[in-house]
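Dear colleague,

Please find the structure we discussed below.

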Amino acid sequence: MTERIGKELLQAGTDLRVVLGRLVRRMRQGYVVGEATLTESSVLSRLDRDGPATPGCLAELERVKPQAMGVTLAGLVERGLVSRSPDAADGRRVVMSVTGSGRKLLTDRRSHNTRRLTEALAGKFSADERRRLIEVIPLLERLADEL
């Protein structure tokens with residue numbers, strides 16, 4: 001019994017990896033040169049959702065090296081999408097915040113990607129299938145947190 005469950009979980013892990021990879025690739029196909037990359041969008045989204053954060057905290061949450069986060073943040077600052085300010089609790093540290101331009105970019109990108117997803121759901125899925133997909137979203141979020 002345990003061996004069968006192990007094989008089922010292994011197959012589920014494989015299937016999830018493949019289908020999520022396909023979804024990400026399809027969403028990336030909407031990327032236009034000059035727009036925010038997926039990494040930049042992820043950082044902007046996190047700052048927008050969770051509020052200001054230090055570069056180290058962002059690197060940890062995004063699971064990237066601090067140096068890579070530094071490069072990402074430098075590009076976002078240069079384009080006016082995030083701003084740097086001294087940490088009120090510790091002036092030696094810096095805190096990053098999303099700017100109005102960063103929020104606008106997020107809104108535009110979300111609108112485009114959301115529209116694509118919504119159209120796909122509306123066109124090819126029954127009401128029951130849409131409900132089932134919606135119900136699994138919290139589970140996928142928990143899975144992402146566990147990885």
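At 40% relative accessibility, Arg-103 counts as partly exposed. Please bear in mind that this is a predicted model. The side chain of Arg-103 forms a salt bridge with that of Asp-48, with an N to O distance of 2.9 Å. Asp-48 is likewise partly exposed, its relative accessible area being 26%. Arg-103 belongs to helix H5 (residues 100–124) and Asp-48 to helix H2 (residues 38–50), so this contact ties together parts that lie 55 residues apart in sequence.

A second salt bridge joins Asp-108 and Lys-104, also at 2.9 Å from N to O. These two residues are 4 apart in helix H5, which means that about one helical turn separates them. Asp-108 is partly exposed at 41% relative accessibility, whereas Lys-104 counts as exposed at 52%.

Salt bridges also link Arg-46, Arg-49, Asp-50 and Glu-62 in a network. Within it, the closest N and O atoms of Asp-50 and Arg-49 are 3.4 Å apart. Arg-49 is exposed, with a relative accessible area of 56%. In total, the structure holds 11 salt bridges.

Finally, there is a surface patch of positive charge, in which Arg-22, Arg-25, Arg-26 and Arg-28 gather. Of these, Arg-25 is found in helix H1 (residues 2–28).

With kind regards

Methods. Residues are numbered from 1 along each chain as its sequence is written. This is a predicted model: local features need pLDDT of at least 70, side-chain atom pairs count only at pLDDT 80 or more; totals for chains, interfaces and linings use all residues. Side-chain values use heavy atoms; hydrogens and water are left out. Patches are made of residues with over 30% relative accessible area and no salt bridge: like charges are joined within 9 Å, nonpolar side chains (Val, Leu, Ile, Met, Phe, Trp, Tyr) within 5 Å. Accessible areas come from the Shrake-Rupley method with a 1.4 Å probe; for residues, only the protein chains shown count as cover. A salt bridge is a side-chain nitrogen of Lys or Arg within 4 Å of a carboxyl oxygen of Asp or Glu. Lys and Arg count as positive and Asp and Glu as negative; His and the chain ends are not counted. The place of a charge is taken as NZ of Lys, CZ of Arg, CG of Asp or CD of Glu. Buried means under 20% relative accessible area, exposed over 50%, partly exposed in between (1.4 Å probe, protein chains only).
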